[in-house]
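Subject: Structure handover

Hello,

Here is the structure for you to look at. My notes on what was found follow below it.

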Amino acid sequence: MTSKRPWWGTVLMYVALAAFLLFLGFPLLWLLSASFKSTSELNSLAVNLIPAEWDFSNYTSALERQNLITAAGNSLLVSIATMVITVLLSMPMAYALARLKGKLRATGTIWILTSQVFPSILIIIPLFLVLRSINLNDTLFGLILVYVTFTLPFTLWMLQGYVAAIPAELEEAGEMDGATRITILRTIILPLLAPGLVATAMFTFVSAWNEFFLALVLLQSPELYTLPIALRSFLGAEGQTQLGPLAAGAILATIPSLIIFSILQKKLTGGMLAGAVKG
Amino acid sequence: MSTTATRPDAGTTAPKTKKLGHRARAQRKEAIVLVVPALLPIIVFSLIPLLSGVALGFTNATLKRNAEIDFIGFGNFIELFGDQRFWGSFGIGIVWAGSVALLTLVCAMGLALLLNSDLRLKGLTRVLALIPWAMPPVVIAIVWRMIYNPNSGPLNGTLEAVGIPGVNWLGDFSTALPAVIVVGVWAGIPQTTVLLLAGMQSISAEQHEAAAVDGAGAFRRFWHITLPALRPVIFAVTALDFIWQFNSFGLIYVLTEGGPGGKTMIPPLFTYLEAFRNREIGYASAMGDVLVVAIMLILSLYLINQFRQNKGARA
């Protein structure tokens, strides 16, 4: 912008930037360094980010001891299933929301937005009872069903934004040529929607991968635990927790969502903006 | 809320329908086919549970098997009215959500202004600012438990190194709530920053340049140009952030489980414990009902404001 800023203003801004970098970056760096520290170093009050001795055994013992691989497998299964089902279900409705006008659209939009703000605790109690009555509580399938329902509103919102960005004239042209609605959807809309679908799918995956509360309520058997629940069960009483393997497990759980988020970063902004700001 | 186009191009480029009667009917049929697959799970797993959740608040339901469920009218609510623990958690929830929403806004505004300026290191900052957003909440809670740990955490380590006695951050009555608020702000900064930044980038640079030529300093330009332009974004982000935080669960559950002595017991956590540890789901649902009413009140304030702005924009 303008170069009229005094020199001390620039200094002040860099100091503020450094403070933000430290505040935002430090916890991850600390976790990373903890995952390579020996037990004795972890239990000392010395503040060193670079481990005195690099200890890689935390990762192997994390994977061996606590059924972490089972949990990671469960998380992967649940996240992928949620992603696929959610995207398949939301695609047609997102199209309808974007293209149709009138009461249906208005009602749908209001429902999507309000569903974002209900406390999940109020929904999970009866949901738990329903799932228990059909013997789906404490199953991964039940968890997937619940995840699909909870991710649908936001997915719909993201996707309808992508559909709305595709000019309706393209469809009209297809209609003139006598193509059916299905053909138009398949040959014109779908290819143009592909990037939006990928972004939505990735977002759904991360939501399911990171989710904690619903899994905590619905899963009781340790062999069904997803990664967040398994990590939480690592935590014993203060002092008894094996900090090294815990940190290693936490790093492993973070990597997939970190990768996906760095790819998604810009695309999410658009979806969030449309959802949160323009009512 | 305006029903006209959420994306500017959706309403304006759509064709003005020529043969309205026939087409409208065909559209309705199509709409049903397109909407049902997604609507069905929403109705079964979201709308019905929501309504029965509201209804459960008027029963004496418990998690014990074969226990009879009876409607007891407003019994739960009368009991709830005198339940100091619940209202205590309600107050803590408001302090928690309010502090996190406001502090996040202030921090995110600062960060967004820095990222919108001509500084170096913006790429690095952007990546770092992303981290809290991508981390699973459980991992966030685990890291901060390590940082706050009185016997091995870097916070006390630093204090001790400069000769100040350490504090049991999450275990002490006076520091537990501020400590979890800091974590909430840390976790909330990325999303708010990104939204504010997007809002800032839609303000034309000419406005700032014109003001600068007229001799307006950075602060005055922020106050008179940036801030008014961002007003709708700020309002929406803060209102939604407050509601999300008020409903949040995982972070505090893993950090403190509501302790010490209930000092960080926010309503969703309290309700969860009542439902799934004390197994009193009727009473817990009544708590949920009260929370929904509270949130609806906040939401309606937000919607009224939104409505006024739309009206103002049209006039």
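**What was found**

Ile32(B) is part of helix H2 of chain B, residues 20-56 (helices, H or I of at least four residues, and strands, E of at least two, are DSSP runs numbered from the N terminus). This is a predicted model, in which local features need pLDDT of at least 70 and side-chain atom pairs count only at pLDDT 80 or more, while totals for chains, interfaces and linings use all residues. Residues are numbered from 1 along each chain as its sequence is written, chains are lettered from A and ligands numbered from 1 in the order in which they are written, and side-chain values use heavy atoms, with hydrogens and water left out.

Chain B as a whole: its secondary structure comes to 13 helices and 0 strands. Of its 315 residues, 51% count as buried (under 20% relative accessible area; exposed is over 50% and partly exposed lies in between, with a 1.4 Å probe and protein chains only). Among contacts in chain B with a separation of 6 or more, 66% join residues 24 or more positions apart (contact means heavy atoms within 4.5 Å).

The interface: 113 residues of chain B are in contact with 100 residues of chain A. The size of an interface is often given as the accessible area lost when the parts come together. Between chain B and chain A about 10000 Å² is buried, and carbon and sulfur atoms give 75% of this (the accessible area, 1.4 Å probe, that two parts lose on being put together, summed over both). The rule finds 1 salt bridge across this interface (a side-chain nitrogen of Lys or Arg within 4 Å of a carboxyl oxygen of Asp or Glu). Glu257(B) forms a salt bridge with Arg232(A), with the closest N and O atoms 3.2 Å apart. On the side of chain B that touches chain A, H2(B) supplies the largest share, 20 residues.

Asn76(B), by contrast, counts as buried because its relative accessible area is 5%. Asn76(B) is placed in helix H3 of chain B, residues 75-81, and its side chain reaches the backbone oxygen of Thr59(B) at 2.8 Å. Beyond its neighbours within four places in sequence, Asn76(B) is in contact with residues including Leu56(B), Phe58(B), Tyr283(B) and Ala286(B).

Regards

Notes:
Polar contact = N/O pair within 3.5 Å; in protein donor to acceptor, adjacent residues only side chain to side chain.
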